[in-house]
Each structure stands twice: as structure tokens, then as C-alpha cells.
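Have a look at it first.

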Amino acid sequence: MYRGQSEGGGSVAEQVDDLRERMRLLQGDRRANVDILEANKSANNNEIKRLREENKEIRIKLSIVQRSCSSACATHDTLEGDLIKVRKHFDTLREQTLLKCQTLKKLKDGARDLELQSKSNAQEDTPVTRNIRMLENRLDKALIKFNEAQVLFILFALASTYQFCSQSKEHMSKL
């Protein structure tokens, strides 16, 4: 092999020219890559800036919503506490009504027993028996009025509870 020739068959000058051409093309590719990377960097920086602004706006909106939610939650908790109190009161009234109904039933049974005893003991129409019948009638009327009052009281309590709950729902839906 000659000194001026390489194994590929070309001269050293041609190989050098070929390497220079490749180097020039590689530098052009490198510059293009750098330009693309710079453009990407600039676009990414713009995107980061936009996202930071968007994040800032969202945080402001979130803080506003949290403030309004905290007051609404406090109102909701207060209303829920009131509702629990009203339900407990209603349950107490219902238990009292049941107890009074049982007492009434016992009293009616006792009155019936006394009535049967009085009929068997004295078939006479004396002033005392008339007075007893009059008092029994008054007692029956009073018991009927008592029962009606209890029913009305329970219905009023239920209506108040229902109205309170519906107002609470309306209030919560406005928030």
C-alpha cells in the first residue's frame, strides 16, 4: 500500500475532505438540535408560567370556596344539632303519649269494672248513681279531649320538624 492511499482506496485528501464535510453536516445538525431544544425550552418556560398563573387563580378560588364552605358547614352543623334536639324531643313526646295511652286504657278498664260492679250492686236510679254516671261521662269526655290534644300535639311536632327540615334543605341548597 502506498503512503497516500488508505485501505478504502481513496486518497488521504479525499478522506479529509469527506471528514470535513461530515463534520460540517454534524455541526449543522447540532445547531438545528440546539435551536429545537431552545424552542422547546422557551415553550416549556411559557407553559410553566401559564400553569403557575392558572395555579394561582385556582388557589384563590379554592380559598374563597373554603371560606364559604366553612360558614356553610358551620350552619349545617348547627342545623343538624337542632334537628337532633327536635328528634329527641319528638321521641320523648311519643314515649309519653304511649305511656299515657296505656294509663288511659287501664283507667278505662277500671272504670268499666267499676261500672259493672255498680250495676250489679245497685240497679236503683239514686241521686248518687246519677252523680257517678255524670262524673263518669265527664271523665270519658275529658279523656277523649286529652287524647285529641295529644294527637294534635304530636301532629304539630311532626309538622314543625318537617318544616324545619325543609327550611334547612332550602337554606343548604342556596349555599
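In which helix do R24 and E21 lie, and how many residues apart are they? Both sit in helix α1, three residues apart, or about one turn of the helix. Helices here are DSSP runs (H or I, at least four residues), and they are numbered from the N terminus. Before going further, note that this is a predicted model, where local features need pLDDT of at least 70, side-chain atom pairs count only at pLDDT 80 or more, and totals for chains, interfaces and linings use all residues. Residues are numbered from 1 along each chain as its sequence is written, and side-chain values use heavy atoms, with hydrogens and water left out.

The side chains of R24 and E21 form a salt bridge at 2.3 Å, N to O. The term covers a side-chain nitrogen of Lys or Arg within 4 Å of a carboxyl oxygen of Asp or Glu. By that rule, the model has six salt bridges. Another one pairs D18 with R22 (3.5 Å, N to O), and these two are four residues apart in helix α1.

The cut-offs are under 20% relative accessible area for buried, over 50% for exposed, and partly exposed in between (1.4 Å probe, protein chains only).

## T97 and its contacts

T97 belongs to helix α1, which runs over residues 12-121. T97 counts as buried because its relative accessible area is 10%. Leaving out residues up to four places away in sequence, T97 touches Q150 and I154; contact means heavy atoms within 4.5 Å.

## A nonpolar patch, and the cysteines

V151, L152, L155 and L158 make a nonpolar surface patch of about 370 Å². Patch members have over 30% relative accessible area and no salt bridge; like charges are joined within 9 Å, nonpolar side chains (Val, Leu, Ile, Met, Phe, Trp, Tyr) within 5 Å. Areas come from the Shrake-Rupley method with a 1.4 Å probe, and for residues only the protein chains shown count as cover. L158 is in helix α2 (residues 127-174) and is partly exposed at 38%.

As for disulfides (cysteine sulfur atoms paired within 2.5 Å), the structure holds zero. C101 is partly exposed at 38%, and C165 is partly exposed at 23%.
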